[in-house]
Amino acid sequence: MKFQAGLSRRTLMQTAAGLAAAPVFTRASRALGANDRVTLGFIGCGGITKAHFEALAEIKDAEVVAACDVDEKRLGEMLEKSATRYGRRPESFSDFRKLLERKDIDAVVVASPDHWHGIHLITACEAGKDVYVEKPLSFSVAEGRAMVRATERHKRVVQVGTQQRSNQIYKDAIDYIRSGKLGRVSEVQTWNVYNAAGMGAPPDGDPPAGVDYDAWLGPAPKRRFNPKRFHGSWRYFRDYGGGFVTDWNTHHQDIVHLALDTFSPRSVFMEGFVANSDDIRDMPDTAKVTFAYDAPQGEFISTYTVRRANARPADFDMKHADHGIAFFGKQGTLVITRSGFTIYPENSKETPIVQAGTTEMQPHFRNFVDCIKSRKTPTSDIEGVHRATLANHIANISWLTNRKLFWNAKSETLFSNPGLTQADKDANKWLFREPRKPWRVTRA
């Protein structure tokens, strides 16, 4: 199949049908000068916020002034850290809407579980706040489009937490591939491999003291508390996340899109299962995804492997490479992890090119703060990351429906080749989940 002109990542289509959040309130943000301090509020104070907080340590023109979490323990930990660093205790909230009412907050960091990202971002945009939102961007394809629409409608600066874009080695690898020095790339492999025990299968019970569990569930279906469906492992349950595929391969597939100047797969097929018997997760811990792409340089195949019962990486020369991307080109192979990359020329007489990794989280936040002031588009633009996220949503839908899926990038819908079938209509139902009341995201 030949590449369709106009469908490159550089010229992203603006015709995709989307969803928009029901309006809550709209408020203009304050104007900031180059020397002004940016005030931040955190929505979610879990594990990833430790990395966020450390990244902010080097950014002197930003300060955390408020934090929100439905877990009193995690909220208290964030407040104590902030009080130590900034010399004053931030205001605390259990309801994110109350935090957004503060007129002096310039931006929020959304570090809540995936099933909350859409509502938190859209409501923040309506409140006139800029947003740093963790990946994966959305819980579903249609919710992701709604988030893009809200960003555009309210003219907000949104940085997505695909921080690999701010790591210099990924920038250099992308430039090298786009220069043509690697030759035409016919295949890409991405992976996450570990050898780990299952999470276990504890019984349902009562939530810990100090946790508003119904508020934690929010738009997700109501069910009894289980410790494995909560902090640390919620993302491996379909009610709250998309497993390894959306959690990790969104990072990888984003770099694939950038390097090969594309943004949506032509077709996707995923197979997977839970390898560990002592495990109650309902998303695979072992899976293989095959994406077929069209791109300016020619069509290519991209595969993603996640494996929890064997830690040997795809490239045997790479030690401790539990994650990575390999681009297979006519002139050589480029293999990259966050530790660095190696280019192996096809001519074995040539010396491999090796480059070490650099820091990424701090530059990513630095870019976000700078863009809040300049109103420029940040490094991880929401449209581009929406496209990387949706590729992995399609993969999960393929697994859930047990069929190969074909993707219409213009309408952001699934279809059969060549016509729509009842099975396609059923698959399209997975593109959006109606939130539990009173939360809602309505069609534009």
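Residues are numbered from 1 along each chain as its sequence is written, and side-chain values use heavy atoms, with hydrogens and water left out. Because the model is predicted, local features need pLDDT of at least 70 and side-chain atom pairs count only at pLDDT 80 or more, while totals for chains, interfaces and linings use all residues.

Reader: How many salt bridges does a search of the whole structure find?

Author: A salt bridge is a side-chain nitrogen of Lys or Arg within 4 Å of a carboxyl oxygen of Asp or Glu. Searched in this way, the whole structure gives a total of 30.

Reader: Which residue forms a salt bridge with Asp 254?

Author: The closest N and O atoms of the pair are 2.7 Å apart. Asp 254 lies in helix H9 (residues 249–260) and its partner in the loop between strand S7 (158–160) and helix H6 (168–178), so the pair ties together parts that are 89 residues apart in sequence. Helices (H or I, at least four residues) and strands (E, at least two) are DSSP runs, numbered from the N terminus. Both Asp 254 and its partner are buried, and the partner is Arg 165.

Reader: Is Asp 261 buried or exposed?

Author: Asp 261 meets Arg 178 in a salt bridge (3.7 Å, N to O). This pair links the loop between H9 and strand S9 (267–273) to helix H6, 83 residues apart. Buried means under 20% relative accessible area, exposed over 50%, and partly exposed in between (1.4 Å probe, protein chains only). Arg 178, at 33%, counts as partly exposed, whereas Asp 261, at 10%, is buried.

Reader: Why is strand S11 largely enclosed by the rest of the structure?

Author: Strand S11 covers residues 300–307. It runs parallel to strand S8 (residues 185–193), joined by 7 bridges, and pairs in the antiparallel sense with strand S10 (residues 286–293) over 7 bridges; two strands pair if DSSP finds at least two bridges between them. S11 is largely enclosed because the number of its 8 residues that are buried is 6.

Reader: Which residue in the turn between S10 and S11 has a positive phi?

Author: S10 and S11 form a hairpin with 6 residues between them. Within the pairing, Ala 287 stands opposite Val 306 in S11. The positive phi, about 125°, belongs to Gly 298.

Reader: Which are the edge strands of the open sheet?

Author: The sheet has 10 strands in the order S15-S14-S13-S12-S8-S11-S10-S9-S16-S17, with mixed pairing. The twist averages 20° from one strand to the next. Each edge strand pairs on one side only, and these are S15 (353–356) and S17 (413–415).

Reader: Which residues touch the most other members of the largest nonpolar core?

Author: A nonpolar core is a set of buried Ala, Val, Leu, Ile, Met, Phe, Trp, Tyr and Cys residues joined through side-chain atoms within 4.5 Å. The largest has 60 residues, and H6 gives the most to it, with 6 residues. A second, separate core of 33 residues includes Ile 43 and Cys 125. In the largest core, the residues asked for are Phe 327 and Leu 334.

Definitions and conventions: Axes are lines fitted to C-alpha atoms, for helices over the stretch in contact, and angles run from 0 to 180 degrees between N-to-C directions.
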